[in-house]
Amino acid sequence: MVYPNENAVSVRTELANRLFFRLYQCTNMLHKTGTRAVEAEGLTTQQWAVLGALSRPEAEGGMSVGDLARYLMVSRQNLAGLISRMERDGHIGSAPDGRDRRSRLVTMTASGREVWAVKALPKIHDYYEQALDGFSTSDLTHTLHYLLKLLENMKRLDDDKEPTQTNEP
C-alpha cells in the first residue's frame, strides 16, 4: 500500500534531484562558456569573479584574502593559487594589511582595472544578454530570489558543519 504522503516525498525528491543536477550543469556551462567569453583578455570565470569582487565600491581600498574567500565562497587555499596567477599577470596586487600585518590586502592594479572595465565588462554584458535570452525582468527577479533562498539554506548547512573548538585531548 502506498501512503499519500509517500508519493509527495517521492515527487519532491525527484524534483530536487533534477534541480540540483541542472544547477551542476549550469555551473559547468558557466565555466565553459563564461571563460570563452573573456579568454581573449586572458581571464577565466574565476578571475572574472575576483576582478568583479574587487571592482565593487566597498572593495575600493582592497580586500583581505580571508574576506575575498568568504565573499566568493571559496577556500583560502583555492584562492591562493588564483591570486598568485593574477599577480603574475599584473591584474591584482597584494601587500600586508596596514591594520593587521598578518593579513594580506588584495587590490586591483591599474592594468587590472583596464582589463576589467574596458576589455572584459563589455564582453561580460554581451554574455549576460545571450545567456539570459528570453528571460523577462520578472523571470530574473524570481530566479535571483530563489537562488538567494537556496544559497542561504546551503550556507546554514555549511555553518552547521564547521568544526568546533574543544579543549579536550
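## Fold

From the N terminus, the elements run α-α-β-α-α-β-β-α-α. That gives 6 helices and 3 strands, assigned as DSSP runs (H or I of at least four residues for helices, E of at least two for strands). The model is predicted: local features need pLDDT of at least 70, side-chain atom pairs count only at pLDDT 80 or more, and totals for chains, interfaces and linings use all residues. Numbering starts from 1 along each chain as its sequence is written, and side-chain values use heavy atoms, without hydrogens and water.

## Overall dimensions

The protein has a radius of gyration of 20 Å, whereas a compact globule of 169 residues would have one near 15 Å. This radius is taken over C-alpha atoms, and the globule rule is 2.2 Å times the number of residues to the power 0.38. Along the principal axes, the C-alpha atoms fill a box of roughly 65 × 55 × 25 Å.

Buried residues make up 25% of the 169. Buried means under 20% relative accessible area, exposed over 50%, partly exposed in between (1.4 Å probe, protein chains only).

## Aromatic cluster

Trp48, Tyr127 and Tyr128 form one aromatic cluster. Rings of Phe, Tyr and Trp (its six-membered ring) pair if their centres lie within 6.5 Å; planes under 30 degrees apart count as stacked, over 60 as edge-to-face, the rest as tilted.

The whole structure holds 3 aromatic pairs. In one of them, the ring centres of Trp48 and Tyr127 lie 5.8 Å apart with planes at 85°, so this pair is edge-to-face. Trp48 sits in helix α2 (residues 45-55) and Tyr127 in helix α5 (residues 110-131), so the pair ties together parts 79 residues apart in sequence. Trp48 is buried at 10% relative accessible area, and Tyr127 is buried at 14%.

Trp48 also pairs with Tyr128, in a tilted arrangement: 6.2 Å centre to centre, 45° between the planes. Tyr128 is partly exposed at 38%.
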